[in-house]
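Reader: Hi! Could you walk me through this model when you have a minute?

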Amino acid sequence: MTIVLKKEVRDELIKSIQRYFEEEMEDKIGNIAAGDLLQFVLGEVGPIVYNKAVSDVQERLQIRVSELEFEIHEEESQYWKRGQSRR
C-alpha cells in the first residue's frame, strides 16, 4: 500500500525534515534528499503505523459491539416467566 500525501502536506513535511536536520543534527539537507527520506519513511514505517492504527480501531469496535449486545438484547419467551411470578 502506497501512502499518498497531498502536495501541501508533503511540502510541509519536507520543510520539517530540513528544519530537523538543521536544528537537531546541525547539518543541512536539500529539498530532494528530504523528499527521498520522507518517501523512504512513508514506505518503510508508514504501513506499520497504519496497520497498528487499524488494529487499534478494530479492537475498540469489537469492544463496543460486544457492549451493544447487552444494551439492545431482549429476553425471549418471557410470557411464562412473567406468569410464574404472579402465582
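This is a predicted model: local features need pLDDT of at least 70, side-chain atom pairs count only at pLDDT 80 or more; totals for chains, interfaces and linings use all residues.

Reader: Thanks! At what angle do helix 1 and helix 2 cross?

Author: At roughly 110°, with the axes of helix 1 (residues 7-24) and helix 2 (residues 31-44) coming within 9 Å. Helices here are DSSP runs of H or I with at least four residues, strands are E runs of at least two, and both are numbered from the N terminus. The axes are lines fitted to C-alpha atoms, for helices over the stretch in contact, and angles run from 0 to 180 degrees between N-to-C directions.

Reader: And what do you call that arrangement of helix 1 and helix 2?

Author: Roughly perpendicular. The scheme is that under 35 degrees counts as roughly parallel, over 145 as roughly antiparallel, 65 to 115 as roughly perpendicular, and the rest as oblique.

Reader: Which residues meet there?

Author: From helix 1 you have Arg-10, Leu-13, Ile-14, Ile-17, Gln-18 and Phe-21, and they meet Asn-31, Ala-34, Gly-35, Leu-37, Leu-38 and Gln-39 of helix 2. By class, this contact of helix 1 with helix 2 has seven nonpolar, four polar and one charged residues. Contact means heavy atoms within 4.5 Å. For the classes, Ala, Val, Leu, Ile, Met, Phe, Trp, Tyr, Cys and Pro count as nonpolar, Asp, Glu, Lys and Arg as charged, and the others, Gly among them, as polar.

Reader: Nice. How do helix 2 and helix 3 pack?

Author: Their axes are 3 Å apart, at an angle of about 40°, and helix 2 and helix 3 are therefore oblique to each other. Val-41, Leu-42, Gly-43 and Glu-44 in helix 2 meet Gly-46, Pro-47 and Ile-48 in helix 3. The residues of that contact divide into four nonpolar, two polar and one charged.

Reader: Switching topic: which residues make up the largest nonpolar core?

Author: There are seven in all: Ile-14, Ile-17, Phe-21, Ile-29, Ala-34, Leu-38 and Leu-42. Helix 1 and helix 2 are the elements that give two or more residues to this core. A nonpolar core is a set of buried Ala, Val, Leu, Ile, Met, Phe, Trp, Tyr and Cys residues joined through side-chain atoms within 4.5 Å. Buried means under 20% relative accessible area, exposed over 50%, and partly exposed in between (1.4 Å probe, protein chains only).

Reader: What does Ile-29 touch?

Author: Not counting residues up to four places away in sequence, Ile-29 touches Ile-17, Gln-18, Phe-21 and Ala-34.

Reader: OK, on to charges. How many salt bridges are there?

Author: Four, each being a side-chain nitrogen of Lys or Arg within 4 Å of a carboxyl oxygen of Asp or Glu. One of them pairs Lys-7 with Asp-11, the closest N and O atoms being 2.7 Å apart. Both lie in helix 1, four residues apart, about one turn of the helix. Lys-7 is exposed at 59%, whereas Asp-11 is partly exposed at 29%.

Reader: Where do Asp-56 and Lys-52 lie?

Author: In helix 3 (residues 46-72), four residues apart, about one turn of the helix.

Reader: What about Glu-67 and its salt bridge?

Author: Its partner is Arg-64, with the closest N and O atoms 3.4 Å apart. Both lie in helix 3, three residues apart. Glu-67 is partly exposed at 37%, and Arg-64 is partly exposed at 38%.

Reader: Last one: which phi does Glu-26 have, positive or negative?

Author: Positive, about 50°, although Glu-26 is not a glycine. Most residues other than glycine have a negative phi. Glu-26 lies in the loop between helix 1 and helix 2 and is exposed at 73%. Ser-77 also has a positive phi of about 50°; this residue sits in the loop between helix 3 and helix 4 (79-86) and is exposed at 65%.

Terms used. Residues are numbered from 1 along each chain as its sequence is written. Side-chain values use heavy atoms; hydrogens and water are left out.
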